[in-house]
Amino acid sequence: MLKKSILFISILSTLIFQGCSNDENKDVTKSANDMISVNEYVLTGLDSKQYVVKKKDNGFVLEGAKGKVVIFDIFATWCPPCKAAATHLSSLQEKYKDDLIIIGITIEDKISNEKLLDFAKEYTANYTLVNSDQNRRLTNAIAFELELGDRYPIPTMAMYKDGVLINHFIGATEEEFIESDIKRALGK
């Protein structure tokens, strides 16, 4: 009985002191993305430029894009409708270059920049493509806000102006439909 009591007290003491210990050996350095707010996403373009996207109310704001229409194009390089959309988006980017920013966000994890550059060249994706460890976080957040579920279809395009959702498109979408919403958002 005495042995059981001593064993019990020893175990209890160990648990108490472990729970109250001051572990000074913890690594206090954090990566930049660990320190970023859960409502902020830092994306890296193929040109190494960083794009900061912040969650606001029910929308997303691209830093430095006040008054502009922003389209987040969620795509994959292997997706046939995504390939077709690239040409339409490039045409719109050229036509509305001062009022429109298109950010192509791949859902492919650990894809090389070279593969994205090949995609851009082959399908004339002449707009910003980002390849970052934040891509999946942002695409999932956009899909959640659009109530698309965990297994959302691609391509998915979400159009915002100053953090307000203008419209979203799922699957192959005619350029004219996208342009109509751009014009409406810009008051043209």
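This is a predicted model, in which local features need pLDDT of at least 70 and side-chain atom pairs count only at pLDDT 80 or more, while totals for chains, interfaces and linings use all residues. Residues are numbered from 1 along each chain as its sequence is written, and side-chain values use heavy atoms, with hydrogens and water left out.

**Exercise 1.** Determine which residue stands opposite Ile103 in strand 6, and how the chain reaches that strand.

*Solution.* Step 1: Ile103 has Thr128 of strand 6 opposite. Step 2: From strand 5 the chain passes through helix 4 (residues 113-122) to strand 6, in a right-handed β-α-β crossover. Helices (H or I, at least four residues) and strands (E, at least two) are DSSP runs, numbered from the N terminus. A crossover is right-handed if, with the strands pointing away from the viewer, the path from the first strand over the helix to the second runs clockwise. Step 3: Strand 5 pairs with strand 6 (residues 128-130) in the parallel sense, over 3 bridges; pairing requires that DSSP finds at least two bridges between two strands.

**Exercise 2.** Describe how strand 4 is joined to its partners, and state whether its residues are buried or exposed.

*Solution.* Step 3: With strand 7 (residues 156-161), strand 4 pairs in the antiparallel sense over 6 bridges, and Ile74 stands opposite Thr156. Step 4: Strand 4 is largely enclosed by the rest of the structure, because 7 of its 7 residues are buried (under 20% relative accessible area; exposed is over 50%, and partly exposed lies in between, with a 1.4 Å probe and protein chains only).

**Exercise 3.** Assign the side chains of strands 4 and 5 to their two directions.

*Solution.* Step 1: In a regular strand the side chains alternate between the two faces of the sheet. Step 2: In strand 4, Val69, Ile71, Asp73 and Phe75 point one way, and Val70, Phe72 and Ile74 the other way. Step 3: In strand 5 (residues 100-106), Leu100, Ile102, Gly104 and Thr106 point one way, and Ile101, Ile103 and Ile105 the other way. Step 4: 7 of the 7 residues of strand 5 are buried.

**Exercise 4.** Classify the ring pairs that involve Phe119.

*Solution.* Step 1: The whole structure holds 5 aromatic pairs. Rings of Phe, Tyr and Trp (its six-membered ring) pair if their centres lie within 6.5 Å; planes under 30 degrees apart count as stacked, over 60 as edge-to-face and the rest as tilted. Step 2: Phe75 and Phe119 are stacked, because their ring centres are 5.1 Å apart and their planes lie at 25°. This pair links strand 4 to helix 4, 44 residues apart in the chain. Step 3: Phe119 and Tyr123 are tilted, because their ring centres are 5.3 Å apart and their planes lie at 45°. Step 4: Phe75 is buried at 1% relative accessible area, as is Phe119 at 4%, whereas Tyr123 is partly exposed at 21%.

**Exercise 5.** Describe the surroundings of Thr106.

*Solution.* Step 1: Thr106 lies in strand 5 and is buried, at 0% relative accessibility. Step 2: Not counting residues up to four places away in sequence, Thr106 touches Phe75, Ala76, Ile111, Leu116, Val130, Asn131 and Asn135 (contact means heavy atoms within 4.5 Å).

Methods. Polar contact = N/O pair within 3.5 Å; in protein donor to acceptor, adjacent residues only side chain to side chain.
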